[in-house]
Amino acid sequence: MQDVADRAGVSLTTVSFVVNGTKRVAPATRTRVEDAMADLGYRRNVLARALASRRSHIVALVFPALQHRLGSTALSIVTAAASAATERGFNVVLWPVDDVAQLDDYLSGGLVDGVLLMEVTADDPRVALLAARAVPFGLIGRTEDTTGLSYVDMDFAGMVATGLDHLTDLGHRRVALFLGEPGGPSGAAWSGYGPVVRTARAYEAEAARRGLDPIVVRGGQDPRSGRQAATALVADHPDVTAVLVLNEAALSGFVNGLVAAGRAVPDDVSVLALATSAADLATADPAVSAVVAPGAELGARSVQDLVDRLADPSAAPTHDLLPGTLRLVGSTADAR
């Protein structure tokens, strides 16, 4: 930094202001400092900064990669989180951590200022670990008991209601739900996976309120499982005229399976995806309408909330539910 200051003809303090963005510097002076940095190949020493400030300015996104596919919605969350962190002077790292012991090993290094948990379960053991280690954290999703916890989550109940409103307005009375579960059809290790639990619960409640018979089909998170689920649905419930799908990775296979079973979409069966990214609407043939997930907003808000609480640890926990947006591309039609 002294070499930069000497070359630019400014004080060491001015270089610090430019590097850290802690105080306004006149544009001409900033340009001289930045030119000197470029000429000398100067780079901030992040480790030295962390030692001096006791802050790494790094946030970890914890994603259980073995149980979940990093699909389009998850990727939009990660991308938006990284962008929001940069705006606040932080960096994001992605930890593909699948168990508590592995997460504990990562945390022991003290490399991050805070943690955001993705793919949260009803009774998530990672929450207890982070609380015990006194690591600031937030949830992208929700546990069953959210007392004292900060979270940003999709409004799955609202998405189900929006989807059923649309389909029943088209005259559909036999509406099924296809759920994707982590780890295969049984989802044994992730039986409390939040989106599945809340969507199933909301669907059953909304079906009862509307006088509909609930029909739930479950399958793995891949196109082959989607095709198998469609085959089973047509065989077991041939009178179904519409399906809500909470299974982004299996969506294309599910539509292909309906067509292979002799059901035209949307003439015979309407298909409406839930919590799917806009990028995935055209992956099936035909393209599938959806209540689109607010993935980018989830990522940005979760980082902003965590950084705010790092600055003010006494701040109250945030409970934020974000709605989806109905986007119609032609896979739903009047009931036959």
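**View 1. How helices α10 and α11 lie against each other.** Angles between axes under 35 degrees count as roughly parallel, over 145 as roughly antiparallel, 65 to 115 as roughly perpendicular and the rest as oblique. In this predicted model, helix α10 (residues 223-236) packs against helix α11 (residues 251-260) at about 40 degrees, with the axes 6 Å apart. The two helices are therefore oblique to each other. Axes here are lines fitted to C-alpha atoms over the stretch in contact, with angles from 0 to 180 degrees between N-to-C directions. Helices are DSSP runs (H or I, at least four residues) and strands are E runs of at least two, numbered from the N terminus.

**View 2. The residues where α10 meets α11.** Contact means heavy atoms within 4.5 Å. From α10, Pro 223, Gly 226 and Leu 233 are among the residues that take part, and α11 brings residues including Phe 254, Asn 256 and Leu 258.

View 3. Buried means under 20% relative accessible area, with a 1.4 Å probe and protein chains only. Because 7 of its 10 residues are buried, α11 is largely enclosed by the rest of the structure. Phe 254 and Val 255 are among these buried residues. The buried residues of α11 pack against β6 (175-180), α10, β8 (242-246) and β9 (270-276). After α11 comes Gly 262, with a positive phi near 90 degrees.

**Notes for all views.** Residues are numbered from 1 along each chain as its sequence is written, and side-chain values use heavy atoms, leaving out hydrogens and water. Local features need pLDDT of at least 70, side-chain atom pairs count only at pLDDT 80 or more, and totals for chains, interfaces and linings use all residues.

Key:
Buried means under 20% relative accessible area, exposed over 50%, partly exposed in between (1.4 Å probe, protein chains only).
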